[in-house]
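Hi everyone, thanks for coming. Please have a look at the structure on the screen, and then I'll walk you through a few places in it.

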Amino acid sequence: MAMKDQINDEPILSKRDYINIHSHPNLIKILRKQGDQEVLFADKVLKFTSSGKMKSRILLITDFAIYIVDPELDSLKRRIALAAVDKLCLSKLNDNFLAVIVPSEYDLLLASARKMEIVIAFNEATMKSSDYELEVVSSNRFEYNAASDLVKEIEFEEVEGGVKTRILRK
């Protein structure tokens, strides 16, 4: 869907938009400032902090970067250039966890019912920007850097009625 906004006449294109991005002028302003033209995914997700707390955030995947935005304030919390993303890690089970591995900074652990749509959007974005397909690792155990100096391991186990998830400090 393409809509013109108040900040610029150029439309910001969006698909897989579950938050109606054009109803958030501050988000449009952030994208304009960074020069992004196309939103490939927009939705609320849960982000896990380094201490293990869950915070509601808006995840935007654009043609250039990933944005993590506070939905209460529409304020930018983190921007990660697509080129900085090394790979995505997810379990082989039916759960909502996804880790974005960013070696130059710290990684991002998210939970979303639209996990596979996020993976598709990441692949579309990397193909558009650099003509390569992002590595996606499926494993029931992987490590991620919850902070620059804190490594955690996440384990997934199928149990009766669902998936048991454990996050361990390494």
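Let's begin with Glu 155, which counts as buried because its relative accessibility is 10%; buried means under 20% relative accessible area, exposed means over 50%, and partly exposed is in between, using a 1.4 Å probe and protein chains only. Before I go on, a word on the model: it is predicted, local features need pLDDT of at least 70, side-chain atom pairs count only at pLDDT 80 or more, and totals for chains, interfaces and linings use all residues. Residues are numbered from 1 along each chain as its sequence is written, and side-chain values use heavy atoms, with hydrogens and water left out.

Back to Glu 155, then. You'll find Glu 155 in strand E12, residues 150-159. Strands here are DSSP runs of E with at least two residues, helices are runs of H or I with at least four, and both are numbered from the N terminus.

Which residues does the side chain of Glu 155 meet in polar contacts? One is Arg 141, at 2.6 Å between the side chains, and another is Arg 166, at 2.3 Å. A polar contact is a pair of N or O atoms within 3.5 Å; within protein, one must be able to donate a hydrogen and the other to accept it, and residues adjacent in sequence count only if both atoms are side-chain atoms.

Arg 166 and Glu 155 also form a salt bridge, with the closest N and O atoms 2.3 Å apart. This pair links distant parts of the chain, since Arg 166 is in strand E13 and Glu 155 in strand E12, eleven residues apart. By salt bridge I mean a side-chain nitrogen of Lys or Arg within 4 Å of a carboxyl oxygen of Asp or Glu. Arg 166 itself is partly exposed, at 36% relative accessibility. Salt bridges join Arg 141, Glu 153, Glu 155 and Arg 166 into a network.

Now zoom out to the sheet. It is open, has three strands in the order E11-E12-E13, and pairs them antiparallel. E11 (141-147) and E13 (162-169) are the edge strands, each with a single partner, so one side of each has no neighbour in the sheet. Two strands pair if DSSP finds at least two bridges between them, and E12 and E13 have eight. For one example, Lys 152 has Arg 169 in E13 as its bridge partner.

How many salt bridges turn up in the whole structure? The search finds twelve. Among them is the one between the side chains of Glu 38 and Lys 128, at 2.8 Å from N to O. Glu 38 lies in strand E3 and Lys 128 in helix H2 (residues 115-130), so the pair ties together parts 90 residues apart in sequence. Is Glu 38 buried or exposed? At 14% relative accessibility, Glu 38 is buried, whereas Lys 128 is partly exposed at 48%.

Last stop: two backbone details. Most residues other than glycine have a negative phi. Arg 16, however, has a positive phi of about 55°, and Arg 16 sits in the loop between strand E2 (12-14) and helix H1 (25-34). Asp 74 also has a positive phi, about 55°, and belongs to the loop between strand E5 (65-70) and strand E6 (75-81). Asp 74 counts as buried, at 14% relative accessibility.
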